[in-house]
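Me: Could you walk me through this model? I'd like to start with the overall picture and then go into some local details.

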Amino acid sequence: MTEQHVPLTDFIEYPPEQMLARAQQHLAEIRRRHSIRKFSDRPVAREVIEQCILAAGSAPSGANHQPWHFVAIQSDEIKQQIRQEAEALEQGFYSGRAGEEWLDALKPLGTNANKAYLDTAPWLIAVFSQKRGGVEAADDKTNYYVHESVGLATGFLLQALHYAGLGTLTHTPKPMSFLSKICGRDNDNERPYMLIVAGYPAEDTTVPAHALKKKSLEQICSFL
Ligand code: IYR
């Protein structure tokens, strides 16, 4: 016997002109998402973050095992701890570990070891991947396509936060293992995947001109 299926009832078909208009509107919306590095400390309601994490959790995943866990941090004490550890690592990175080519590549972004946003922004969301799990809470099965799945969920999360009206930044201090301890997820099954910073942009936030330059359709796509 095959597994039970239920009818697809929530698909919406749009007339072709409306489909194109929607695709254009979505493009215009997502083009306004920029990584920002200066956040306001204005609070953001936990309910908003909850909805965005549920949106992330709706991403497709290998065998629908949903191999992710999100730690949403608003505690000042924990944010300060994360900032301290991240800055210590970044100091090593910027003062040699990165190497010349990498530092050159980062120059247009104007980044440095100072990560004030890590304790200014109202929310940090640490994304963890899980090697084993399954749909049921007690499952301990092999997870599949873990990296791809968690990448998709993180993309959904960024999209949801932007759509809700928040500024975002992806942050990947290297190595990220310190996050496991601070977030209470120091176990054999879970690995930190990315840290997402979310909040209102500070009034004087800038974005690097370089980051606004996106490749053309011809550059990123071939039609066969
Ligand atoms: N993690 C460092 C360096 C960094 C690396 C890349 I690749 C970026 O696109 C941006 C920054 C930092 O956060 O400064």
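This is a predicted model: local features need pLDDT of at least 70, side-chain atom pairs count only at pLDDT 80 or more; totals for chains, interfaces and linings use all residues.

Me: How many helices and strands does the protein have?
Reply: The protein has nine helices and six strands, where helices (H or I, at least four residues) and strands (E, at least two) are DSSP runs numbered from the N terminus. Its C-alpha trace spans about 60 × 45 × 40 Å along the principal axes.

Me: Switching to α3, which of its residues are buried?
Reply: In α3, K79, I82, A86 and E90 are buried. They lie on the same side of α3 because they cover an arc of only 60° around the axis, the arc being that of the directions from the helix axis to the C-beta atoms.

Me: Which residues are on the other face?
Reply: The face turned away from the buried side of α3 carries exposed residues, among them E77, Q80 and A88.

Me: What about the span of that helix?
Reply: Helix α3 covers residues 76-97, 22 residues in total, and reaches 29 Å from its first C-alpha to its last, close to the 32 Å expected at 1.5 Å a residue; the expected span is 1.5 Å times one less than the number of residues.

Me: Now the ligand: which residues surround it?
Reply: The ligand is surrounded by E90, F93, L106, L109, T111, H171, T172 and P173, with a residue counted as near if its C-beta atom, placed from the backbone, lies within 6 Å. The shell divides into four nonpolar, three polar and one charged.

Me: H171 is in that list, so what does H171 stand opposite?
Reply: H171 stands opposite L195 in β6. Strand β5 (residues 167-171) runs antiparallel to β6 (residues 190-199), and five bridges join them; strands pair if DSSP finds at least two bridges between them.

Me: Is β5 mostly covered or mostly open?
Reply: Strand β5 is mostly covered, with four of its five residues buried.

Methods: Residues are numbered from 1 along each chain as its sequence is written. Ala, Val, Leu, Ile, Met, Phe, Trp, Tyr, Cys and Pro count as nonpolar, Asp, Glu, Lys and Arg as charged, and the others, Gly among them, as polar. A residue is buried if 20 or more other C-beta atoms lie within 10 Å of its own, exposed if 12 or fewer, and partly exposed in between; C-beta atoms are placed from the backbone.
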